[in-house]
Amino acid sequence: MKKSALQKARAAYQPKLPIVLTGAVKAVEGNPTESVADQEAIRELFPTTYGLPELKFEKNTVPTAGKPINVGVILSGGQAPGGHNVICGLFDGIKKIHKESRLFGFVMGPGGLVDHKYMELTSSIIDEYRNTGGFDIIGSGRTKLETKEQFDKGLEILKELNISALVIIGGDDSNTNAAVLAEYYKGIAAPVQVIGCPKTIDGDLKNDLIETSFGFDTATKVYSEVIGNIQRDCNSAKKYWHFIKLMGRSASHIALECALQTQPNVCIISEEVEDKNMTLQDVVNQIADIVARRAAQGNNFGTVLIPEGLIEFIPAMKKLIAELNDLLAAKADEFANIAEKDQRQYIIDNLSKENAEVYESLPHGVARQLSLDRDPHGNVQVSLIETEKLLSEMVHKRLEQMRKEGAYNGKFSALHHFFGYEGRCADPSNFDADYCYALGFNAACLINAGVTGYMSSVRNLTKPSVQWVPGGIPITMMMNMERRHGSMKPVIQKALVRLDGAPFQKFASQRDDWAVNTSYVYPGPIQYFGPAEVCDQPTMTLRYEHIGK
């Protein structure tokens, strides 16, 4: 495989471990835990892994000889920068326990476990992927592990390979699967530990002990670079409004972080829209008013950042989508046999009166996108909804109305962008390279500690990496009950943007100034070599969240 000059240089980068993990460690138990909500229901579903204590690793003054262990690893769900370094850290960690330890990668996600498709990850393979982006070392997939048949089929290959621990690298749903698998194996006394690692560029898998999911740092820096480039072009041509949709179906962390980095004229935060009970037209009017205010100053250009999940946060739309999800789950076969030209009317006839009126009011294209195939979790595939185009078209109509009223006298020309896949497989920033390597190495320590149903946790992330605090938290601690495919299921609770949190408050205190003035910041590309203040900085979200802690 031909390598670029950057790849060659990055291969030599040695991620910096927390100082605690550089020698022998011991696991120190903290307080017992309970789930964030629905405690009785979660306890009933996870009788053997519920209520476990938090763990923190400390230096062990009495080194102990380790035994060879065989470990399996799965990359699950969408890609995120740094996944390879989690595997590299895991590999180095189990080799440190004993040089004869072996690592097996299950190919193309959880399906590889069920279908017995795997490869041994040797040092020669691992060394090719250090500090690289992507998940191509073993591939990823979205197969859900949720049935006894799948668990038993997976156990067959784990026994055959003498694998005593399985590490699942994934987001909230993947780690929910890890918790279910850990519970099942422990419940039948199968000798297999299950450990999770927090991955998602969306940034919505976090709490006080999981300070950020890996990949968020790199992805937002990639998007912010391109947004900055667009804003420089925007400020040069001075004739376009750029509507930029950013990944983030269930939370607006990416949009908020990119806004803090680039200072656009408008950034919509879905959680605020929901909190204020705003309609779609309210959002449109807000943008149109800013366009008009800038036009009054002779500035017929600007940038608007939009989270891809915005539609689901508009209260009326949220109610509609919830009923649509249940309807299409319950009547999937019947709906599939209806001619496309009749599907819109079929949906209207089968919805409640209130939701039918909202659905009927939508442009045909958007209504059609809302009725397309669901994702594997039974949800609307909001990334297919071209929210950026919908908003710009509605803003244009609103501006023409304002022109007739004498409230607007400018020119409006819109361009559209969606940044998603561009950031998912980027070479990890120094922060993500270090963080991911530490998460993987830390997972090896959790395996050595003999625990199961835990997520690898590395905290104190705004400090230099040597001061990071490694440990683990029970996955059940992060769970609640949610409706999926028409029934209640245990899932990890998504972390939304907190409107009372420091990152949003910082944004809210400055956005009125950014709206009217051209206050753009141009972050430039990720820097891998140079002073720490340029290369090793965490996200602004993390920095603001840690102020006052």
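Let me start with a term: a residue is buried if its relative accessible area is under 20%, exposed if over 50%, and partly exposed in between, using a 1.4 Å probe and protein chains only. Helices are DSSP runs of H or I with at least four residues, strands are runs of E with at least two, and both are numbered from the N terminus.

Now the ground rules. This is a predicted model, where local features need pLDDT of at least 70, side-chain atom pairs count only at pLDDT 80 or more, and totals for chains, interfaces and linings use all residues. Residues are numbered from 1 along each chain as its sequence is written, and side-chain values use heavy atoms, with hydrogens and water left out.

First stop, helix α20. Of its 19 residues, 18 are buried, so by that cut-off the helix is mostly covered. From first C-alpha to last, α20 reaches 27 Å. That is close to the expected 27 Å, where the expected span is 1.5 Å times one less than the number of residues. After α20 comes Gly 450, with a positive phi near 80°.

Inside α20 sits an aromatic pair. Rings of Phe, Tyr and Trp (its six-membered ring) pair if their centres lie within 6.5 Å; planes under 30 degrees apart are stacked, over 60 edge-to-face, and the rest tilted. Tyr 437 and Phe 441 are 6.3 Å apart, centre to centre, with 35° between the planes, and the pair is tilted. Why do these two sit about one helical turn apart? Because they are 4 residues apart in helix α20, which runs over residues 430-448. In general, an α-helix has 3.6 residues a turn, so residues three or four places apart point the same way. Both Tyr 437 and Phe 441 are buried.

How many aromatic pairs does the structure hold? There are 12. One of them joins Phe 335 and Tyr 346: centres 5.9 Å apart, planes at 45°, so tilted. Phe 335 is in helix α14 (332-336) and Tyr 346 in helix α15 (340-350), so this pair ties together parts 11 residues apart in sequence. Both residues are buried. Elsewhere, ring pairs link Phe 104, Phe 106 and Tyr 118 into a cluster.

Next, the cores. A nonpolar core is a set of buried Ala, Val, Leu, Ile, Met, Phe, Trp, Tyr and Cys residues joined through side-chain atoms within 4.5 Å. The largest has 74 residues, and Ile 87, Leu 90 and Leu 246 touch the most other members. Which element gives the most to this core? It is α20, with 12 residues. A second, separate core has 51 residues, including Ile 306 and Val 516.

Contact means heavy atoms within 4.5 Å. Setting aside neighbours within four places in sequence, Leu 246 is in contact with residues including Tyr 223, Cys 258 and Phe 418.

Now Glu 272, in helix α10 (270-275). Buried or exposed? Glu 272 is buried, at 10% relative accessible area. Beyond neighbours within four places in sequence, Glu 272 is in contact with Leu 499, Phe 504 and Arg 511.

Gln 263 is not a glycine, yet its phi is positive, near 55°. Gln 263 lies in the loop between α9 and β9, and counts as buried at 19%. Asn 460, also not a glycine, has a positive phi of about 70°. Asn 460 sits in the loop between β12 and β13, and is partly exposed at 25%.
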